[in-house]
Amino acid sequence: MKKLQALIRYEFETTFKYIFLFYAICYSVIALVYLLILILQGHFEDAGTSCLDMNSLVFLSIISSVGFTEDFRMHIQNGFTRKYIFIGTTSLFAAMALTMSLIDTLVANLMQYLTGNYHSVFTSLYGNAQPWILSWLWLFVLYLCACCLCYFITLVINRIGGRLFLIISLGGALFISLSLSVLFRLVLPAAMIENIIRILEMLFGFMTNGGIQVFYPILLFSSLSTIIMLSNYHLIKRMEIKR
Amino acid sequence: MNRIQISNISKQYKDIKALDHIYCTFESGRIYGLLGRNGAGKSTLINIIANRIFASEGEITIDGLPSVENMAIHEKIYCMSEADLYDSNLKVKDLFKWTSRFYDHFDLDQAFEIAARFHLDVNKRFKSLSKGYQSIFKLTIALSLDLPYIIFDEPVLGLDANHRELFYSLLLKNYEQRECTYIIATHLIEEVAHLIEDVVLIDQGKILLQDSVEHLLQNAYCVSGFASEVDQYCLGKEVLGQDTLGGMKIAYIKGQPQASEKLQFSPINLQKLFVKLTERSAA
């Protein structure tokens, strides 16, 4: 347990500084833009921003994939098992997602209070009527899902190589889009297509009666995160150091 | 029971069999030389012992415990290799600090002391160190760990002669003070010949021999003289190899010398023995 704590502490200490740096840069840029608008126009009436959490989503996606190789090698060098490495990495993802979703939710609420016209990704989809705690939870599972997915992609690339991954991805994307087009336009009856769309809308929280049920997308992203995490564990437990 | 036991280990890559049903043992409290030509399988074997890659077949146990994915052996073994596996953005002193957190038996003070002796700048980031100093950093970590088994894979890569001498003297000093097993994989056979007690010779993925250095050198010798005389002498003997220069010949023979007035006899050195054994194996 002590070794696992040391590993998790290493992950946190070497990664969290980049989160602070990210927010410092992000909000400095926003402040600079507001300042420029003030200087050029003399007022903030035309100034506005929204969906800053998209930046966090991109940042988390990048950081969860970029550090993989070096961290994995460092931990293997220091005698950790792949199980420990997986637990450490997953803990890091959870902590990053929790922290950043909390910051982004609080900032969104503050910006909405100050400007009256700020929208986060959540409020853009579901409106301002939902409690902020649900907004935080939704954002947390979305961030966690993004981290796990990008890590999964990195692990797959590491396993099969970049070129093969690219071919499979492009080929797969082409196949899926063509198949779906054919299915939806030519094969499936209209009633079934409507049902499919209705189910997808429900999964994302949009009920047939026009209401919003945020627990469904929270459950969806949580389930996806769990499935991807299990896949990550399966991939990492056979990962070898490449010469 | 205190040993590294390697049983029937094989490693198959796509079209190459890097290790072919290897059996060998590294006993506690000895210094081993793991010798072999380029591509023989030394690093592959070391990487399997260190849980960096997986064997296709077979099992390795360390003090009776399986070596694969087992945190119970974390405080038993450490591997220093030429591969750069450290966080290259961290400073040397920070890497020391993290090692002391990962390992209970890492002596941080000793690490700084050894670093000072090598003139290793602990405030530099790992990636900004020269190749030689990266090796020195890795050696420093390995020499500061008090674990039962320490493996060195090409430890003196990029080191100048002075630093190599310093490393060997620190290694011996550690060995005298602690009960530990050192396994040194190296191409510089003559440099380590005075250090190592046992030799494991690996060639083309197979163990060619495992024996003590003393026994090996006592049971092989050189005989030199006129080519015809040497050829006559060699009849019926196990000849490891021969070198010819004009009308003169040197033969390397396994066994005990038999007196002959026309020939000269001399001991064989470990490097020459290694070269002749591996040449014979290749033939």
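**View 1. The interface of chain B and chain A in a predicted model.** In this predicted model, 29 residues of chain B are in contact with 26 residues of chain A, where contact means heavy atoms within 4.5 Å. Put together, chain B and chain A bury about 2,700 Å², and 52% of this lies on carbon and sulfur atoms; buried area is the accessible area, taken with a 1.4 Å probe, that two parts lose on being put together, summed over both. On the side of chain B, the residues that lose the most area to chain A are Met71(B), Leu85(B) and Phe102(B), which together account for 26% of what that side buries. The predictor gives the complex an ipTM of 0.88 and a pTM of 0.89.

**View 2. Polar contacts and the elements that chain B brings to chain A.** Across the interface of chain B and chain A there are 18 residue pairs in polar contact, both residues being at pLDDT 80 or more. A polar contact is a pair of N or O atoms within 3.5 Å; within protein, one atom must be able to donate a hydrogen and the other to accept it, and residues adjacent in sequence count only if both atoms are side-chain atoms. Strand E6 (77-80) and helix H2 (92-102) of chain B each supply at least two residues of the side that touches chain A, and the largest share, six residues, comes from H2(B). Helices (H or I, at least four residues) and strands (E, at least two) are DSSP runs, numbered from the N terminus. Sorted by class, this side of chain B has 12 nonpolar, seven polar and 10 charged residues; Ala, Val, Leu, Ile, Met, Phe, Trp, Tyr, Cys and Pro count as nonpolar, Asp, Glu, Lys and Arg as charged, and the others, Gly among them, as polar.

View 3. Side chains of opposite charge can pair when their charged atoms come close. A salt bridge is a side-chain nitrogen of Lys or Arg within 4 Å of a carboxyl oxygen of Asp or Glu, and five of them are counted between chain B and chain A. In one of these, Lys3(A) pairs with Asp104(B), and the closest N and O atoms are 3.6 Å apart. Over all chains, a search of the whole structure finds 20 salt bridges. Lys3(A) lies in helix H1 (residues 2-41) of chain A, whereas Asp104(B) lies in the loop between H2 and helix H3 (108-117) of chain B, so the pair joins two chains.

**View 4. Ile8(A) and the helices of chain A.** Chain A has nine helices and zero strands, and its C-alpha atoms fill a box of roughly 60 × 55 × 35 Å, taken along the principal axes. Ile8(A) is placed in helix H1 of chain A. Which residues does Ile8(A) contact, leaving aside its neighbours within four places in sequence? They are Gly88(A) and Ser91(A). Ile8(A) and Tyr27(A) are 19 residues apart along the chain, and 28 Å separate their C-alpha atoms. The mean pLDDT, the predictor's confidence in each residue from 0 to 100, is 90 for chain A, with 99% of its residues reaching 70 or more.

**View 5. The two domains of chain B.** Chain B is divided into domain 1 (3-213) and domain 2 (219-282), with bounds that come from an automatic or database domain assignment. The centres of the two domains, taken over C-alpha atoms, are separated by 34 Å, and the contact takes 13 residues from domain 1 and eight residues from domain 2. The two domains of chain B bury about 950 Å² between them, 74% of it on carbon and sulfur atoms. Arg37(B), Ile189(B) and Glu190(B) supply 45% of the area that domain 1 buries against domain 2, more than any other three residues. Between these domains there are zero salt bridges and two residue pairs in polar contact, both at pLDDT 80 or more.

**Notes to the views.** Residues are numbered from 1 along each chain as its sequence is written, while chains are lettered from A and ligands numbered from 1 in the order in which they are written. In this predicted model local features need pLDDT of at least 70, side-chain atom pairs count only at pLDDT 80 or more, and totals for chains, interfaces and linings use all residues, while side-chain values use heavy atoms, with hydrogens and water left out.
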